[in-house]
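I opened a new page for this model and kept the entries in the order of looking things up.

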Amino acid sequence: MGYGIEVYNENGNLQFSTGQESLTVIDTGTVANTSAVDYNSANEILFVRRTTTGHIDGNTSKGGGAGGIDRWTNSSEATVEYLLVKRTSQRAQDNSSTYGIKVFKSNGTSLQYSSGYSKGPKLIDIIPPGSTQSFGYPNDYTYKPVLYSGSLTDVWYGFGDMKFTLGTIIFQGTYWNYTANTIQALNQATTFTYPNTYTWFGYPNISTLFILQRTT
Amino acid sequence: MERVILKVALHTSSFKVLNYMSYGMQVFNAAGNLTLDTTYRVPGIVVIGSGSVNSGTTPSGTPASYTGTSGNISFPGMTPTNSAEFEVWILDNIPSGGAWSVNQFTLNRGTNLFTVTFRTDTSNYTLNFDYIGMRF
């Protein structure tokens, strides 16, 4: 970087840079089973979580939401919580701007960073495509890779794309285990072998996966 | 801004504002909530855009699959090995039904760029995707 400041946290990870804009939480809510939440993937990233043990499955539809934005439909057989984060340059502050710190882009108006948001995202992990692999039947969790292990309090799961058809496809699904305090990945699909055999095959994760924690 | 509350601590012993911090920065908002703490790791957006990759027409293996690699996509700062700091967020990249049975999507890291490799059982299939290059 040629100008500005960068700050690293106590583990040496990037905490703040004037070179890149950051993300802010814009909306949270719940989505019932078979219901949907719309989001604009050009500016927003959708995260989900559940507060009880069980699956999170669903289907993304690019352009399938109201007004042509994207849509995620919940197939988890339970109500799950959702969270949307947005680029700071695209989001007005929702907290008093008379305290804290603000950094603008060179145009003097677009925010790179601000403490004037009531909530923010704290990155826990980002998992690139092709780095996890599921095996076995969907409800056998022995061979499902653990994406996250630790307290599940205010922990959220982001997926670039998700597909689910009961008994046939689970892409980018997850299993939340509140006994073991883990989130496991499910990427599987069935293949039919004539005359009557269906076999589940495991796949690597197709999209990037994101684990974060909401702050304040 | 009328007032700034900014706590900064450096790792050098010559300058330390708060003796319980060792590195990083804390920022509080007007409500007194800690919005940035010394343990926080906050993703920053370096590049954002859309790309596509075509599976090609050359079959491989039995049953046949088709594999293609995208052109270079710029991502300043990325290197083949710095995945702990620079990573790509890929969205909307599951192919439509019928094209995913041998689906494999791989991110190939380069220097200041990346490509993606896509394998499917469908010849000449073009997969469109969105991406966000993040630093964290």
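**Entry: confidence**

I noted at the start that this is a predicted model. For the complex, the predictor gives an ipTM of 0.77 and a pTM of 0.81.

I then took the chains one by one. Chain A averages a pLDDT of 84, and 88% of its residues score at least 70. Within chain A, strand β11 (residues 111-114) has the lowest confidence, with a mean of 70, while strand β6 (residues 54-56) has the highest, at 96.

For chain B the average pLDDT is 78, with 76% of the residues at 70 or above. Among the elements of chain B, the lowest mean pLDDT, 46, belongs to strand β1 (residues 6-8), and the highest, 96, to strand β6 (residues 73-74). I marked residues 1-19 of chain B, where pLDDT stays under 50. For this stretch the model has 29 contacts beyond four places in sequence.

**Entry: make-up of the chains**

How many helices and strands does chain A have? I found zero helices and 19 strands in chain A. Chain B has zero helices and 10 strands.

Of the 216 residues in chain A, 41% count as buried. In chain B, buried residues make up 33% of 136.

I also looked up how far along the sequence the contacts reach. Counting contacts with a separation of 6 or more, residues 24 or more positions apart account for 66% in chain A. The corresponding share in chain B is 58%.

**Entry: a three-stranded sheet in chain A**

I picked out an open sheet of three strands in chain A, with the order β4-β8-β7 and antiparallel pairing. Strands β4 (36-39) and β7 (58-61) of chain A stand at the edges with a single partner strand each, so one side of each has no neighbour in the sheet. With direction ignored, neighbouring strands of this sheet are turned by 15 degrees against each other on average.

I went through the pairings next. β4(A) and β8(A), the latter covering residues 70-74, run antiparallel and are joined by four bridges. In this pairing A:Tyr39 has A:Asp70 of β8(A) as its bridge partner, and A:Ala36 has A:Thr73.

Which residues of β8(A) form its covered face? I listed A:Asp70, A:Trp72 and A:Asn74 as covered, and A:Arg71 and A:Thr73 as uncovered. In a regular strand the side chains alternate between the two faces of the sheet.

**Entry: a hairpin in chain B**

I looked at strands β8 (residues 104-109) and β9 (residues 113-120) of chain B, which pair in the antiparallel sense over six bridges. B:Asn108 stands opposite B:Thr115 of β9(B). Three residues lie between the strands of this hairpin, and B:Asn112 takes a positive phi near 65 degrees.

**Entry: the largest nonpolar core**

The largest nonpolar core has 67 residues. Those with the most contacts inside it are A:Leu46, A:Phe47, A:Val48, A:Val85, A:Tyr157, B:Trp89 and B:Tyr131. Domain 1 (1-40) and domain 2 (44-135) of chain B both give residues to this core, so the core lies between them.

I checked A:Val48 for contacts, leaving aside neighbours within four places in sequence. A:Val48 touches A:Ile56, A:Val80, A:Glu81, A:Tyr82, A:Trp156 and A:Tyr157.

Is A:Val85 buried or exposed? A:Val85 has 27 other C-beta atoms within 10 Å, so it counts as buried, the cut-off being 20 or more. A:Val85 is found in strand β9 (residues 80-87) of chain A. Its contacts beyond four places in sequence include A:Leu23, A:Val25, A:Ile45, A:Phe47 and A:Pro121. A:Val85 and A:Ile45 are 40 residues apart along the chain, with C-alpha atoms separated by 5.4 Å.

I took A:Pro195 as a second case. A:Pro195 is found in the loop between β17 (182-193) and β18 (197-202) of chain A. With 5 other C-beta atoms within 10 Å, A:Pro195 is exposed, since the cut-off is 12 or fewer. A:Pro195 and A:Leu83 are 112 residues apart in sequence, and 44 Å apart from C-alpha to C-alpha.

Note on methods: Residues are numbered from 1 along each chain as its sequence is written. Chains are lettered from A and ligands numbered from 1 in the order in which they are written. This is a predicted model: local features need pLDDT of at least 70, side-chain atom pairs count only at pLDDT 80 or more; totals for chains, interfaces and linings use all residues. Two strands pair if DSSP finds at least two bridges between them. Helices (H or I, at least four residues) and strands (E, at least two) are DSSP runs, numbered from the N terminus. Axes are lines fitted to C-alpha atoms, for helices over the stretch in contact, and angles run from 0 to 180 degrees between N-to-C directions. Two residues are in contact if their C-beta atoms, placed from the backbone, lie within 7 Å. pLDDT is the predictor's confidence in each residue, from 0 to 100. A nonpolar core is a set of buried Ala, Val, Leu, Ile, Met, Phe, Trp, Tyr and Cys residues joined through C-beta atoms within 7 Å. Domain bounds come from an automatic or database domain assignment.
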